[in-house]
Every structure is written in C-alpha cells, then in structure tokens.
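Please examine the sequence and the structure shown below before reading the report.

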Amino acid sequence: MRGSPLHQQPTTDPAALPWSTPLPGPAGPMTTGRVAPGPVAPGAAAPAAAPTAVPTATAAPATATPTAVPPALPSLDRRGAGTRPAVDPGVARELKRQVAAELHQQIARLTSGSGTEPDRATRRQRGRALIEEAVARWSDAYAQTHGIPPTREQDRALAEAVFDLLFRAGRLQPYLDDPEIENILINGCDDVWVSRVHQPLRQVPPVADSDAELVELLQDLARQHGGGERSLSTASPTLALRLEGGMRLQALTEVTPRPYVAIRRHRVASATLPEMVRLGSVDSTLAAFLASAIRARKNVMITGTQGVGKTSLLRAMAAEIPADERVGTLESEFELWLHTLGHLRQVVPMEAREGNGERVEGRSAGELTIGDLIPAALRMTLSRIIVGEVRSGEVVPMLRVMTNGEGGSMCTLHARGPHMVVDRIAELCLEYGSHMTDALAYRLTANAVDFIVHVSMVDETHVGGRRHRFVSHVLEVAGLGESGRPALNTVFGPRPELGEPRAVPHTPPQCLDDLRRAGFDAALLGSRYGSWAEPLQLRIGGGAR
C-alpha cells in the first residue's frame, strides 16, 4: 500500500497540506449533492468560506501537526447552498480498482456456489459494503500517516465517488443527477459543456483526467447497459445507449481527434397532454384535437429538429391510447418508457441492437435495426405500433404498417420545417432500395399519414430570455395532390400577423366527422386565437392583440 497513489511519501512542503478548497458543483444554483472534481470552470468563482476537501495523495510531513483540525462540512441537498468535499480522482480510481477486484472474487464464489450469477441489485449491495470497508481502511491509514482523520463527510464523499466509478457514470454522475441539465456535450475529457433549462451553454470542470480515462468510462457504461453487444473501440467507433433515468448518450472515437459525447435528457418523463398545456407546448384546443386524433386511430408523424420535444409530445399523445389496447414500441434506445409508465396494460417494447463490429455481407454481425424488428412486431397481434424515431430506410415498413394496420400508429422524424416533411420522407424512402422512386414514396406517404404535427423552438437565452418549445403546425395529409405529391391542409398553424408563432386553428380537417365521433368539439376550431390568453411573449418579435 505504501507504494500506491493513496500513500505516497509525505512531502516537506508545509503549504502542501491535504486540505484543498472544494470546487463549485456542476449544478449552479441547484446542485446535485456531490461535487465533480477538477479545475474550476472559466469564469466561476470559488466560495468565500470554503470547507475542506477529501484528502489528496499529497501529504504534509508525518511529524507536522496542523494548527487546527478542518471544520466539519455541511451536507448538501438540492435546496442548500453548501458544498460537499471535492474528491481526489486518483484516490477514487485506486479504491475503485481495489473494490472491483474484491467484488469479482466474491461474485465468482457466489456463482460457483449457486450456479447462477447474482443480479444487479446484489452486485451493487455487495459493492457498497466493500466500498465502505475500503474507504475505512484508507481513512485509518491516512490518519496514521498525517495525524488528522478525515471527517465523516469526506469519507462519505469519497465512498460516493468510488460507487459512481464502479456502478454509475463516474465523474459524469453529478451532471446526470441534476434535473435542470438538459444537454451534456463533451469534446474531450477537459472540454465539457452543459445547458440548463432556459440557460445557454456553460463550460464546467473536466469529467476525466485523460481521453483514455474518458473512453474507459464510456466502455464501462456500455458494459452496464445490458442491451446487447454495445461497445466503443477501434472496431466499433460509435456508441449509442440509454443511461439510468432514460437519458440518451451518443459517443464517437477513433474517427474524431478526441472522444466526443453528447448526452440528452428528456425532462418531461411522464408527460400527458394536460401537462403539455401547462408547459405551454400546446393550448387546450390543440390538446383536445390531438387526443381525439389518437382515439379516432389517425396515423400521426411528429416532426421537428433536435431537442424541441418530439419524444415528450409522442409520449403525451400515447397516454390517450385506451389502456387495454396492445401496443408495440420500437426504439434504437428506450426513451418512451411506455412499458414502465403504467397507463397501458399491454406494451411490447422492442429495442434495436448494435452489431459486434464484424461485417457479414455488408452488415454488422448481430445487428438488429428497427426495420428488422417491424416484421416481428406485426406478428405480435398489436393494435398500434409506435416508432420512437425514424432515421433511415425503416420509414418504408413504418409507412406500410400505417397503411395496412388498424390505424393509430405514430412516429417521430427529424425535419427543419413542416413543409419539408414530405420530401424528407421521400429521401429516407430512397434509402430503402433501388426499386423505390419519388412517386412511390409520395403515394406511400399520402396513403399512410393522416396528420403531421411539427414542434418548434424559439431560443432566446442569449438575449436574456428563455427557450420556448411549442407545436407550430398541424398539417392534414389529404391524399395525392398536384404533380403526384401529397396534398397538405394547415389545420393548425401560426398567425404572424397577430404575433403568434404557436399553432392556432386555421382550416377544419377533412376527417372532422371522425374526430367528432371520438369526442372532439368542432366549435373549438372557431377561434382564430385558439385557447391562448395572449400571444407568446418574446424578447424579439411577438405582438399583442
């Protein structure tokens, strides 16, 4: 142990005492309770009266006696303004390696004795006990070496850091725990940015000491995922997976100069249409319209750019499906979580699987795409199929499902504007095979899709405002029109002349009688303002009635 990073020979520099100023946590005004180690973010100020930190590997002389024992540290909850001790990442990594070796031996003995591997909860429970023992041993050794025992808060912070490294996301975990953070962008280990609700991007402390350590963290997360052969390596330079809490991670390495990671959080995890009304995404008129469209088994495609709230709206609309219907969900990574929310009694969730890096006949061995899963889904006696995101050639089997099924299926699609959606569908259809043509893609779209719901965002955080996410258009696909393209009717849309960018009633749909039979009050379409009390309040643009 003396030769390990935990117990280096004491230095003779009196200034190198083992207590350092804790760093500001990653969560800003709403911290997570644990502080990510590393240098302070640019522009961030250190606390005026900072408590002590977890002991680092650099120590004062063993014979020296500090003038005062560091004060006890305040614990931190989400409402408090205190900070927990900053943890030396080298100490945490060394303890993680020790605990991992001990845990592996215990799991091997349990497996050989029972014939089955312990489940995840058992592993974590045993790992927690081993971590407490390892921290206690280190704390005793530190006290003997330096004459100062670490405080209980310091031991607890170190134990949490080791647990995060072993079972969670390491130094990333405080950012994942912060409910206010929407996006985490990593451009190498020491170039990390986060965006919080209604705040612009801000740089924060590093999440690893080296790019190699960052890649190791990502590989650990892939092993913890449990969703197939997901990995990050030279053979598999991309990684897409879901994290605890439903967050989505996409990583790149080898094909980029440094490891790049993007993590996105769906903040509205169990949305309903009334909740979307409260958030200002739709008004009560549009919410009633969308609910009746689901009950009337209309096929709906939700479109928009990244991060505007497509998945949250899809989840909210799915909450209008009758509880006894049998529904299938197909996703690259689980994000809808309809099988866990409890509203629907019969959900068949399907998740795509990445290959193992080997290529067989032009495809990655072991790979299962959403398009591959659709034929199997059709044999599961499903009343509706919901695709979390259509990205490529799977749009063709999805459109065929919408055409041949009972109706009521849904999906999301990336598109910058509502009137670009038809051409975007045609582009993806052409990826399906050489026999596909624009004319066939247009005909498939006209026969399959009933409504296109487009979600927009106005971001005014850089001018002192906030991010506004809302439905801006609802277009009805009314069969084939001129030039063989699908005809589109604007049922809901913005009214720029009134300073209103959100969707308000325009033209009644051709299928209005179907919606009325599903309980929709057609009189709601008579107001050109919808149910909004006033136009959207923007820093730039907007207007008053």
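Predicted model: local features only at pLDDT ≥ 70, side-chain atom pairs only at ≥ 80, totals over all residues.

Residues are numbered from 1 along each chain as its sequence is written, and side-chain values use heavy atoms, with hydrogens and water left out.

**Cavities and pockets**

Rolling a probe the size of a water molecule over the atoms shows where empty space is left. On a 1 Å grid over the protein atoms alone, a cavity is a set of points where a 1.4 Å probe fits but cannot get out, and a pocket is an open set with protein on both sides within 12 Å along at least five of seven lines; lining residues have an atom within 4 Å of a point. Grid points are joined across faces, edges and corners, and a volume is the space filled by probe spheres set on the points.

The model holds 4 cavities of 30 Å³ or more. The second largest cavity contains about 110 Å³ of space. Its lining has 13 residues, and Arg248, Arg264, Gly307, Lys310 and Thr311 lie nearest the centre. Helix 8 (310-318) and strand 13 (410-414) each supply at least two residues of this lining, helix 8 giving the most with 3 residues. Helices (H or I, at least four residues) and strands (E, at least two) are DSSP runs, numbered from the N terminus. The lining of this cavity divides into 1 nonpolar, 8 polar and 4 charged residues; here Ala, Val, Leu, Ile, Met, Phe, Trp, Tyr, Cys and Pro count as nonpolar, Asp, Glu, Lys and Arg as charged, and the others, Gly among them, as polar.

The second largest pocket has a volume of about 620 Å³. Of the 24 residues that line this pocket, Lys96, Leu165, Leu166, Asp220 and Gln224 lie nearest its centre. Helix 1 (89-114) provides the largest share of the lining, 8 residues. By class, the pocket lining has 10 nonpolar, 3 polar and 11 charged residues.

**Salt bridges**

A salt bridge is a side-chain nitrogen of Lys or Arg within 4 Å of a carboxyl oxygen of Asp or Glu.

| Salt bridge | Closest N and O atoms |
|---|---|
| Arg168 and Asp164 | 3.4 Å |
| Lys298 and Asp514 | 2.8 Å |
| Arg384 and Glu325 | 2.8 Å |

Arg168 is buried because its relative accessible area is 17%, and Asp164 is buried because its value is 3%. Lys298 is also buried, at 11%, whereas Asp514 is partly exposed, at 31%.

**Ser527**

Ser527 is found in the segment after helix 14 (512-517). This serine counts as partly exposed because its relative accessibility is 27%. The C-alpha atoms of Ser527 and His506 are separated by 8.9 Å, and the two residues are 21 residues apart along the chain. The side chain of Ser527 reaches the backbone oxygen of Gly530 at 3.2 Å.

Key
Buried < 20%, exposed > 50% of the residue type's maximum accessible area, 1.4 Å probe, protein only. Polar contact = N/O pair within 3.5 Å; in protein donor to acceptor, adjacent residues only side chain to side chain.
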